Amino acid sequence: MTDVGTEFTPEAETRLGEYLRQVREVLAGLPDVNPDEIEADVREHVANELRAVPRPIGPDALAAVLARLGPPDQWAAGDRPDPLRRAGYLIRERVRGVGAAVGDRLRRAWDAISRGPEDWRLAYLTFGVFALGVVVLPIFPICLGVSYFLGRAGIAHAREKGIGLAARRWLLYPPVVIVSLKLFVGLVLAPPFVTTGVIIEQVDQRDRQERWELIYRSRADERVVLSRDFIASHPEATTSLDRTVAPFPGNREVQRVLATLFLGAGLVAFWGVVVGSLGGLFPGAVRAVFCPLCDRFRGKHGWWLAGSSLVGLVVWAGWAYDLAADAGLLS
Amino acid sequence: MDTDFLANWTTQMRKGLLELSVLAALRGRRLYGYDIVKRLSAVDGLVIGEGTIYPILSRFKKEGLVETTLAESPEGPARKYYQLTARGRQLLSKMLAAWADVRDGIDQVAQEPLP
């Protein structure tokens, strides 16, 4: 086959491609011909006709040659095309087109990984490892960890070279964002809520123990079960927790919910002071750990968080002091 | 109606004659595909589109009437040359004989004196 494609202007090359597509389509329905061979003959014919034409060959020179070749549907005049053969050809062409497109993508990806610049290689590797974990779920944690570090390396490499990530971000970000999001939730958001839950659980256990002793002693009955209804039917049993939450409005249940929220608010404010201060002192560490979520984080942001949280904590402490005084805990 | 009939008849006649001409062009020699096209295109009224010859060559090759050989070319890539097979030569002889009979018969009919 004579490859003349590179000698044409883009417009002429498109025109030739369209003509050859028509040739293949017409010949597909004809029995006893080899469309590939004829396409090669036509390419050779065009190359011979245009041998003396200055390069690159434009659409006008090509059009004259194609006009002499004639419209491809004329080539089949008088022949009886086989519809089954034609349908089979069209299906094969479609499958071949899809296969070629997929193959081209895979080839480009492999080229980028094996021979391409480092930034693309890392991007494809990152996404490849991540995708493998998604497909084979049992190894997802391992793949996520590996792809996270590969992604971080890719991002760092791009920054080091001063080039934008552009489309590479879609390959690099998925594992990095997932891990960073988990770290952000685990290190920044969760601690005050987890701590609140743990404290409430501990207090609740002690309260149950205290309430059980109060009610058991009054009834001398070891089968006492501290159900919600049972507690409600013994309002006379007042525990330390009941006295502590008494300053809050509402009945005993509402008071306990409000007290929990109040405790949580205090812990959130306290944690805000801690996290904000650390962020203010080490902004680079924040950007590194929570990349790319906190790429624009600066020390001042940490201090703003610490300052506002400190104000909230002071207000909370004052309120807590008043509540403790109302509950008689300070006397 | 007449126009369609004439177009169809011309197509069929030209197709048959073109097939004969392709085989005749290869009698006693081998030719480069592009040269076959150019030789036949020079015959007035025989070839409407130069591209029509390539499917004929492809079909003849599949039917075993012609065979191809690749030969180096000083002007570029190797070229594909066509030549008749033994079967192609036999068929060409029969087709030329049939064509001569038809042509002579038509001439004879056309030259018969009017009654």
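Let's start with polar contacts across the interface of chain A and chain B: the rule finds 15 residue pairs, both partners at pLDDT 80 or more. A polar contact here is a pair of N or O atoms within 3.5 Å; within protein, one must be able to donate a hydrogen and the other to accept it, and residues adjacent in sequence count only if both atoms are side-chain atoms. Three elements of chain A give two or more residues to the side that touches chain B: helix 2 (35-49), helix 3 (59-69) and helix 4 (72-75). Helix 2 gives the most, with eight residues. Helices (H or I, at least four residues) and strands (E, at least two) are DSSP runs, numbered from the N terminus.

A word on the model. It is predicted: local features need pLDDT of at least 70, side-chain atom pairs count only at pLDDT 80 or more, and totals for chains, interfaces and linings use all residues. Residues are numbered from 1 along each chain as its sequence is written, chains are lettered from A and ligands numbered from 1 in the order in which they are written, and side-chain values use heavy atoms, with hydrogens and water left out.

Back to the interface. Chain A puts 23 residues into the contact and chain B 24, where contact means heavy atoms within 4.5 Å. Together they bury about 2000 Å², 50% of it on carbon and sulfur atoms. That is accessible area (1.4 Å probe) lost on putting the two parts together, summed over both.

Now salt bridges (a side-chain nitrogen of Lys or Arg within 4 Å of a carboxyl oxygen of Asp or Glu). Between chain A and chain B there are four. One of them pairs A:E37 with B:K80, at 3.4 Å between the closest N and O atoms. B:K80 lies in strand 3 (residues 76-84) of chain B and A:E37 in helix 2 of chain A, so this pair joins two chains. A:E37 is buried, at 11% relative accessible area. B:K80 is buried too, at 13%. Buried means under 20% relative accessible area, exposed over 50%, partly exposed in between (1.4 Å probe, protein chains only).

Stay in helix 2 of chain A, and look at A:H45. Its relative accessible area is 0%. Its side chain makes a polar contact with the side chain of B:E50, at 3.1 Å. Leaving aside neighbours within four places in sequence, A:H45 also touches A:V65, A:L69, B:Y34, B:V37, B:K38 and B:Y54.

Next, the nonpolar core: buried Ala, Val, Leu, Ile, Met, Phe, Trp, Tyr and Cys residues joined through side-chain atoms within 4.5 Å. The largest has 47 residues, and A:V42, A:V46, B:L40 and B:I53 have the most contacts inside it. Helix 1 (residues 10-28) of chain A gives the most to this core, with seven residues. Not counting residues up to four places away, A:V42 touches A:Y19, A:L20, A:L69, A:W75 and B:Y54.

Last, chain A itself. It has 13 helices and zero strands. Of its 331 residues, 35% count as buried. A:E39 forms a salt bridge with A:R24, at 2.9 Å. A:E39 lies in helix 2 and A:R24 in helix 1, so the pair ties together parts 15 residues apart in sequence. Further along, A:R211 and A:D207 form a salt bridge at 3.2 Å. Both lie in helix 8 (residues 169-219), four residues apart, about one turn of the helix.
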